[in-house]
Structure formats: C-alpha cells, structure tokens
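Hi,

Here is the structure I said I would pass on to you. Have a look at it first, and then read my notes below.

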Amino acid sequence: MNNAINWGLLSTARINRALIKPLRASKRTRLLGVASRSLTSAQAYAREWGIPKAYGSYEELLADPDIEVIYNPLPNHLHAEWTIKALYAGKHVLCEKPLALKIEEVDAIIAAAKETGNIATEAFMYRHHPQTIKVKELVVNGAIGRVQLIKGAFTFDLSREGDIRLVKEYGGGSLWDVGCYPISYARTILGEEPIEVFGWQVTGPGGCDESFYGQMRFRSGVHMQFDSGFRSSLRSYIEIVGTEAVLNIPDPFKPGLKNEIYLKRGGKQERIRIKGHELYLGEVEDLCDAIQSGITPRVTLADSRANIAAILSLAKSADIGKPVDLSDFV
Ligand SMILES: NC(=O)c1ccc[n+]([C@@H]2O[C@H](COP(=O)([O-])OP(=O)(O)OC[C@H]3O[C@@H](n4cnc5c(N)ncnc54)[C@H](OP(=O)(O)O)[C@@H]3O)[C@@H](O)[C@H]2O)c1
C-alpha cells in the first residue's frame, strides 16, 4: 500500500458509503481521512468506518499534505467552491454530480485545473460501467439502425424530511438530482449536444421542481424525452429507438454485477447479458488512471459543462414556458 493514493472525504455525507467500499477494494487507493463541520462528528465517523484521520473543518483536510485526492459529496451549491479550493490546495478531486450549478462555476473549475495541473472529474459512476460501454458500442456499430428517439426516466419517492434535495438555495430539485442522469445518458450515447430544449416542472412548497418533464432536440435530428421526480415510486430506464430496432435498458444508472438489456427487432426480442463490476469502483479507478498514467478522465470537464448547459437550459425553459436554444451556452 506504500504507493497507494491517499483519499479524503469532504464531509460525512450519506453517499460516502458508496465510495468507501471501492476505496478499500482498489489496491491503488487508501482512505486516509474524513472532515466534517464538527470535529466530534468527524471523529465518530472515522471510528465507525475505520478511517485513520479526522478533521474538524474542511480547510484542515485540504491543508493535510498527505491527502492527494478529495471526494466532494457536499450539497450541490458547494460543489464548485470546494472543488476549486481543493484544486488550489494541490489536490485532485472527484466531485459528486452536478459538478456545479452555473456555467461560470464550471469555467472557474476548468481554469483552476489548468492553472494547478490537478485533475477534477464529475462522479457520474454509471459512465464507467461495462453496461454503458456496451450500449454505446451497440448503438455506434448500428445494432438498431439510425437513432431516432431516446426516452428515459429517473424518479423516486423522496420522503426524508429536511433533505438537501428540497432546498432551492442548495441546488435542490429533481432535475439537478436525478434528471441529470437521463440527460447525460442521451448525450453520452449520441456523442453530440442538444441544440434546443423544452421543459415543464411541478414545483413543491420550497420552490424546487419535484417533477420535471423535459425534451431535447439534437442537431442530427434525434429527439430525447425524459422525466425526473421525487413524488413517484422508483423508476429508472432508458429506451433507444432506432430505424431498425429498439434497445431497452431497464437499469441504466445503477447497473450491478449481472445485467440484462433487450434488443427488440420486429417481433423478436434478444436478451443481452452483461457482466458488470461494483458500480462505484469505475470512477475511482478512472481517476487513479488519470493521476498515475496521465490518461484523460472519462468524464471530462467539457463534458460536464455541456451537461450543465443542458440542465440550465431545461430549467430556464420551464421557468419561461418557451423552448430554449443552447447557443447562449456555447
Ligand atoms: N452518485 C450517486 O450515486 C449519488 C447518490 C446520492 C447523492 N449523490 C450526490 O452526493 C451529494 C450528497 O448527497 P447526500 O445525500 O449524501 O447528502 P447528505 O447526506 O445530506 O450529506 C451532505 C453533507 O454535506 C455536509 N454539509 C455541508 N454544508 C451543509 C449544509 N449547509 N447542509 C447540509 N449538509 C451540509 C454535511 O456533512 P458534515 O456535517 O459532515 O460537514 C452533510 O453530511 C449530492 O451532491 C448528491 O447529488 C450522488
């Protein structure tokens, strides 16, 4: 473990649990520290999860020269601020989605990464999974003909009181929280950006969208329709409609060790089995590759910028009740 890359957790966020297992499983990483706004909470968390170091502030974690990578799972409105601070503190960063809430923030992250030579990447874990890679390969190789339409959804019932996802000033709302996944999926599979979007939303008492219904039009003529929400039961799917066949992905965003997707051509359906890996291991290994071998991370900052531009345009469309073209963000 002498050459292992030392990671630190920025807060005691619930999602840390997903990262702790792969950080332990990978031979290339060591989970060295955890910071919290309170030392007592950091120490309790460190004890619970067997983490060697605990810090009573985020600044102390960033100041520790032994830490090389920061995992940033703060509420959405703090992603850009602490990613930039970490980059300037000499750390690489794996930042939770969404990387930022404004284009100017993404641009500041891009500038900080360039200036410091450190790496920042957005934690879209599904991007690294063999299922996503297989779906893209099938589409690119023409398994369904020319793509016409992509449909998708990510909804769940958010019943937890006081959740950060329902606080508008924290970057709450279903579009930012889960709508970002079908948007990202479509862009990834198509390898192009939307040129026009339209969105409707249903807002809750705190002003956040609790349901979002969106459409995107791509230059190539492909259309995309999705919904995201906190007030429906768990739904998660992607359907890719081609001129010759349809590809159904029942579990696109949280695939596991054994996965099945379905290729429907005419009246026949073919089941394609895909061997997976632990979902969150891919993003950890990908960042380690980038640090150790100089390989560009799979989720580039330009890619994150384009996803955020699409989200912002959809949110704007829902606010003004009109379609929005994306030329403002280019
Ligand atoms: N990729 C995925 O699968 C996935 C899944 C779930 C969530 N996420 C993302 O991960 C991030 C965290 O989500 P989560 O559900 O884990 O959140 P959470 O449990 O509420 O944790 C957020 C942490 O941020 C710290 N914090 C700092 N300022 C805060 C403030 N003003 N209010 C509340 N907390 C504050 C707190 O840690 P301390 O008290 O220790 O300082 C808190 O534990 C979000 O960006 C979310 O989009 C990703």
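**What I found**

Let's start with Thr132, which lies in helix 6 (residues 130-140). Helices here are DSSP runs of H or I with at least four residues, strands are runs of E with at least two, and both are numbered from the N terminus. Thr132 is buried, with a relative accessible area of 2%. "Buried" means under 20% relative accessible area, "exposed" means over 50%, and "partly exposed" is in between, using a 1.4 Å probe and protein chains only. Thr132 and Pro255 are 123 residues apart along the chain, yet their C-alpha atoms are separated by 8.7 Å.

Before you go further, keep in mind that this is a predicted model, where local features need pLDDT of at least 70, side-chain atom pairs count only at pLDDT 80 or more, and totals for chains, interfaces and linings use all residues. Residues are numbered from 1 along each chain as its sequence is written, and side-chain values use heavy atoms, with hydrogens and water left out.

**The core**

Nonpolar side chains in soluble globular proteins tend to be buried together. A nonpolar core is a set of buried Ala, Val, Leu, Ile, Met, Phe, Trp, Tyr and Cys residues joined through side-chain atoms within 4.5 Å. The largest one here has 101 residues, and Trp7, Leu9, Met216, Ile240 and Leu247 have the most contacts inside it. Helix 7 (residues 174-190) gives the most to this core, with ten residues. At least three core residues come from each of domain 1 (5-123) and domain 2 (126-281 + 308-329); the domain bounds come from an automatic or database domain assignment.

**The pockets**

Rolling a probe the size of a water molecule over the atoms shows where empty space is left. The search uses a 1 Å grid over the protein atoms alone: a pocket is an open set of points where a 1.4 Å probe fits, with protein on both sides within 12 Å along at least five of seven lines, and lining residues have an atom within 4 Å of a point. Points are joined across faces, edges and corners, and a volume is the space filled by probe spheres set on them.

The largest pocket holds about 1,000 Å³ of space. It is lined by 34 residues, and the closest to its centre are Arg14, Ile15, Arg160, Ile164 and Arg165. Strand 7 (147-157) and helix 7 are the elements that give two or more residues to this lining. By class, the lining has 16 nonpolar, nine polar and nine charged residues. Here Ala, Val, Leu, Ile, Met, Phe, Trp, Tyr, Cys and Pro count as nonpolar, Asp, Glu, Lys and Arg as charged, and the others, Gly among them, as polar. Where does the largest pocket lie? It lies between domain 1 and domain 2, because both give residues to its lining.

The second largest pocket has a volume of about 260 Å³. Of its 17 lining residues, Lys168, Gly172, Trp176, Asp209 and Ala315 are the closest to the centre. Helix 9 gives the most to this lining, with four residues.

**The cysteines**

A disulfide is a covalent bond between the sulfur atoms of two cysteines. The cut-off used is a pair of cysteine sulfur atoms within 2.5 Å, and the structure holds zero disulfides. For Cys95, the nearest cysteine sulfur is that of Cys180, 12 Å away. Cys95 is buried, at 0% relative accessible area.

Most residues other than glycine have a negative phi, and most peptide bonds are trans. Ser11, however, has a positive phi, near 105°. Ser11 sits in the loop between strand 1 (5-10) and helix 1 (16-25), and counts as buried at 7% relative accessibility. The peptide bond from Lys97 to Pro98 is cis, with omega near -15°. You'll find Pro98 in the loop between strand 5 (92-95) and helix 5.

**One more residue**

Ala111 is in helix 5 (residues 103-116). Is Ala111 buried or partly exposed? Ala111 counts as partly exposed, at 38% relative accessibility.

Happy browsing!
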